[in-house]
Amino acid sequence: MKLNVFNSSDEALRALTEHLMECMEQHRGPFHLALSGASTAQQLFEMWMKEYREKIRWNQLRFYWVDERCVAPDDEESNYKLADDMLFRPLNIPNHQVHRIFGEQNPEMEAERYSEQVKWELPGYASLPRFDCILLGIGVDGHTASIFPNNSHLLTDKRCYVVSEHPTSGQKRITMSGSLIVNAKTILIPVLGQSKTAILQKILSASEHPMLPATYVISHFPEAIVFTDSQVSVE
């Protein structure tokens with residue numbers, strides 16, 4: 001893992017965006033990007049609209065999701081709705097560039113359908129599709145995507161997308177498997193805010209917390225790049 005520490009969340013997100021743009025410039029053809037949700041995505045999308053609207057080559061991007069809550073696309077909890085409200089509709093992104101997870105459908109059937117769509121759209125690599133870039137989040141409990149510590153068996157699942165369950169609410173979610181995540185070409189991880197400092201420090205001490213999903217992903221993808229405003233120590 002490469003750790004980049006900045007003085008503010010804005011600086012961290014700018015550096016992440018610049019790295020993403022460099023990856024896009026080096027890539028020929030459509031660039032397959034998987035988005036995450038929650039507050040970090042909202043902050044990132046706001047920055048993209050304010051500072052990068054004319055800089056990012058939007059027509060090159062093909063949008064997918066790391067995970068999605070099993071809700072309708074107009075539900076306030078929908079990761080798709082967040083991106084649609086903040087990016088796709090303001091930028092007039094054509095529908096063919098956006099591949100959403102149908103969270104309103106039967107979860108198991110939708111996980112299978114979306115897996116097949118990703119296999120069709122993306123280039124294959126070692127029998128699994130390979131995303132050009134995944135923007136991956138980390139929760140305060142060490143979960144990543146929607147793989148929580150209590151369903152860590154999904155880290156080694158060989159399917160592309162699987163169904164998980166939130167440990168507290170019981171809400172069903174559709175998420176990338178760990179196998180698909182670590183098969184990506186590039187993984188960029190923003191870890192922002194004081195609330196994430198403790199979990200990032202735990203991840204940096206991987207030998208003490210080997211079962212955290214985020215630790216698993218980083219240990220199996222050592223080229224992952226973390227962008228943070230947390231002042232952590234590397235032991």
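**Helix α1 and the overall fold**

Student: In this predicted model, what length does helix α1 reach from its first C-alpha to its last?

Tutor: Helix α1 runs over residues 9-25 and has 17 residues. At 1.5 Å a residue the expected span is 24 Å, and the computed reach from the first C-alpha to the last is close to that, at 24 Å.

Student: Why can the protein be called as compact as a globular protein of its length?

Tutor: The chain is built with seven helices and eleven strands. For 235 residues the globule rule gives 18 Å, and the protein is as compact as a globular protein of that length because its radius of gyration is close to this value, at 17 Å.

Student: What share of the contacts with a separation of 6 or more joins residues 24 or more positions apart?

Tutor: Contact here means heavy atoms within 4.5 Å. Among the contacts in the protein with a separation of 6 or more, residues 24 or more positions apart account for 75%.

Student: What percentage of the accessible surface belongs to carbon and sulfur atoms?

Tutor: Buried residues make up 56% of the 235 residues. The accessible surface of the protein comes to about 10900 Å², and the part of it that belongs to carbon and sulfur atoms is 48%.

Notes
Residues numbered from 1 in each chain as written. Predicted model: local features only at pLDDT ≥ 70, side-chain atom pairs only at ≥ 80, totals over all residues. Heavy atoms only, no water. Helix = DSSP H or I, 4+ residues; strand = E, 2+ residues; numbered from the N terminus. Rg over C-alpha atoms; globule rule 2.2 N^0.38 Å. Buried < 20%, exposed > 50% of the residue type's maximum accessible area, 1.4 Å probe, protein only. Areas by Shrake-Rupley, 256 points an atom, 1.4 Å probe, with all protein chains shown as cover. Expected span 1.5 Å × (residues − 1).
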